[in-house]
Amino acid sequence: MVTGHRLHEKGRHVRQYIELALRGDDTIDTRLKMFTHQRDVLLAQMEEMRHTLETVEYKCWYYETAKAAGTIDVPRDMADEDVPERFRAIRRELKTIPQE
């Protein structure tokens, strides 16, 4: 979802790019920096989303396992080697986060 602030920022960047492009070849370096920066921002956002998806997939497995067992005790107390390998790292990470 694009917020008003993000939409405003995108419009500002588009205007800035158009102004630079109209000035010609002297702005190639600046335009390149704009796009490499945008690429870096997008890659960071994609990594954050990948991590969030990994967490959600783990939580789905966790509660599917709890539902099948009738209690959250089963996935909560499960030994790491009994947890599917793809979820072990995220499980260890989540265990280090203080619970409120």
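Which residues line the second largest pocket? In this predicted model, the lining is made up of Tyr-58, Lys-59, Tyr-62, Ile-72, Pro-75, Arg-76, Arg-91, Leu-94, Lys-95, Ile-97 and Gln-99. The volume of the second largest pocket is about 280 Å³. Three helices, H2, H3 (73-77) and H4, each contribute at least two residues to the lining. Sorted by class, the lining residues of this pocket comprise six nonpolar, one polar and four charged.

Two packed helices are described by the angle between their axes and the distance between the axes. Helix H2 spans residues 28-69 and helix H4 spans residues 85-95. The two pack at an angle of about 100°, and their axes lie 10 Å apart. Because angles of 65 to 115 degrees count as roughly perpendicular, H2 is described as roughly perpendicular to H4. On the H2 side, the contact is formed by His-51, Glu-54, Thr-55, Glu-57, Tyr-58, Lys-59 and Trp-61. On the H4 side, Arg-86, Phe-87, Ile-90, Arg-91, Glu-93 and Leu-94 take part. The contact of H2 with H4 includes five nonpolar, two polar and six charged residues.

One of the H2 residues in this contact is Thr-55. The relative accessible area of Thr-55 is 16%, so the residue counts as buried, the cut-off being under 20%. When neighbours within four places in sequence are left aside, Thr-55 is in contact with Ile-90 and Leu-94. Both Ile-90 and Leu-94 belong to the H4 side of the helix contact, and Leu-94 is also among the residues that line the second largest pocket.

Note on methods. Residues are numbered from 1 along each chain as its sequence is written. This is a predicted model: local features need pLDDT of at least 70, side-chain atom pairs count only at pLDDT 80 or more; totals for chains, interfaces and linings use all residues. Side-chain values use heavy atoms; hydrogens and water are left out. Axes are lines fitted to C-alpha atoms, for helices over the stretch in contact, and angles run from 0 to 180 degrees between N-to-C directions. Helices (H or I, at least four residues) and strands (E, at least two) are DSSP runs, numbered from the N terminus. Angles under 35 degrees count as roughly parallel, over 145 as roughly antiparallel, 65 to 115 as roughly perpendicular and the rest as oblique. Contact means heavy atoms within 4.5 Å. Ala, Val, Leu, Ile, Met, Phe, Trp, Tyr, Cys and Pro count as nonpolar, Asp, Glu, Lys and Arg as charged, and the others, Gly among them, as polar. Buried means under 20% relative accessible area, exposed over 50%, partly exposed in between (1.4 Å probe, protein chains only). On a 1 Å grid over the protein atoms alone, a cavity is a set of points where a 1.4 Å probe fits but cannot get out, and a pocket is an open set with protein on both sides within 12 Å along at least five of seven lines; lining residues have an atom within 4 Å of a point. Grid points are joined across faces, edges and corners, and a volume is the space filled by probe spheres set on the points.
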